[in-house]
Amino acid sequence: MRVEGRRQKELILILAREFASKLATPMFIADRHGDLVFYNEPAEEVLGRSFAEVGEMPADQWASLFQPEDLQGGPIGLEAMPPGVALLERKPAHGEFRITGLDGRKRLVSVTAFPLFARSDEFLGMVAIFWEQPGVETP
Amino acid sequence: MRATVWGCRGSLATPGRETLRYGGNTSCVEVRLRDGSIIVLDAGTGIRPLGVKLGDERPATIHLLLTHLHLDHLEGLGFFRPCWSGETELHVWGPLSPVRSLEERIARYLSPPLFPVQLSEIPAQMTFHDVPVEEWEIGPTRLLAHPVSHPGPTVGYRLSEGGRSLAYIPDHEPAFGVDLSTVPPEWMSGYALVDGVDVLLHDSQYGEDEYSTWAGVIRASSRRSRSPESQTSAGS
């Protein structure tokens, strides 16, 4: 006999989303597969579009969507960004890089990302908080 | 599957004339399965009169499913008569903690000076289990335990047997400080447990006017507790 209940997000992600939704700091949440599942309103200001418009998406899509570049202007992949380190290596990371928001503006951001574990061996996803740095470049 | 509520009070047992209608004992529900197996949900003070009733029956095996280890869900365990028979096989299930085992955490209460007897001295054959991440079976019943929103490691349970289901989430805040009707179901704590169940036993400790004082601290209000798609709701 199968239990008929529907799927829901992991409780840790639910609590992270509730935390993010009340936070003035931009916050970005991905699940264990790397799929973007939420970012808050302050993050919308930096990323240039609301989460409602963007929706959930897999890691390879969001990792390129915002055109991340290193400080020398070279493209960087997911594995080189703090969110990628948190997802792929499951350890906290911090760094600075540039992104191009979906509003077309290029921004320098500082990002701190950390993995989420419910149990020591149960990886559930990643949270990244970030700040836009002064010295914004716009096209 | 047949459920009997032996205790539905939160926080503290409340004996007296004012609580005669629903009783004054803290959380405990007896569930009888189709094959006669016994599942007990939580070990609040309601487990004591349940144990008295089971005393004559002398069941060989009992499964005790703890939602969490706050005192109002555990304080009756030492007074549960089957614990005091060496013939009882008592399986205790509960939420995993990243710090201490379930047995160690229960022993913090069931040991001097808070209790006169060490947990290890209780005669029943006790086995402690962290609830599985996936569904599991006890007799003819499938069980699902999910972490739910409440301070400390806490789970709710869903029991399904013969096309019928019961969900038990006695201490729970489905959403903090937001209107539950605005939260997508998949982002609602406990939703996978309660969706479509025949009977839901759920926290409803506070009225709406009281909840604003206690949000995030203890538990849900009666209005916030209601899942729009659950068929039945019985407040604790």
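Two strands count as paired if DSSP finds at least two bridges between them. On that basis, the predicted model contains an open sheet of 5 strands in chain A, with antiparallel pairing and the order β2-β1-β5-β4-β3. β2 (36-39) and β3 (93-100) of chain A stand at the edges. Each has a single partner strand, so one side of each lacks a neighbour in the sheet. From one strand to the next, the twist averages 25°.

Strand β1 (residues 27-31) of chain A pairs with β2(A) over 3 bridges, in the antiparallel sense. Within β2(A), A:Leu36 is the residue opposite A:Ala30. Helix α1 (residues 11-21) of chain A lies across β1, β2, β4 (106-119) and β5 (122-132) of chain A. The helix runs at about 165° to β1(A).

The largest nonpolar core has 49 residues. B:Val40, B:Leu41 and B:Leu64 touch the most other members. Beyond its neighbours within four places in sequence, B:Leu64 contacts B:Val40, B:Ala43, B:Leu90, B:His91, B:Val92 and B:Trp93. A second, separate core comprises 33 residues, including A:Ala20, A:Met27, A:Ala43 and A:Phe97.

B:Pro15 lies in the loop between β1 (2-7) and β2 (28-32) of chain B. B:Pro15 counts as exposed because it has 12 C-beta neighbours inside 10 Å. B:Asp56 is 41 residues from B:Pro15 in sequence, and their C-alpha atoms are 25 Å apart.

The contact between the chains takes 21 residues from chain B and 16 residues from chain A. On the side of chain B that touches chain A, β8 (141-147), β9 (155-161) and α3 (191-194) of chain B each give two or more residues. The residues of this side divide into 12 nonpolar, 4 polar and 5 charged.

Methods:
Residues numbered from 1 in each chain as written. Chains lettered and ligands numbered in written order. Predicted model: local features only at pLDDT ≥ 70, side-chain atom pairs only at ≥ 80, totals over all residues. Core = buried A, V, L, I, M, F, W, Y, C linked by C-beta atoms within 7 Å. Buried ≥ 20, exposed ≤ 12 C-beta atoms within 10 Å, placed from the backbone. Contact = placed C-beta atoms within 7 Å. Helix = DSSP H or I, 4+ residues; strand = E, 2+ residues; numbered from the N terminus. Nonpolar A, V, L, I, M, F, W, Y, C, P; charged D, E, K, R; others polar. Axes fitted to C-alpha atoms, helices over the stretch in contact; angles between N-to-C directions.
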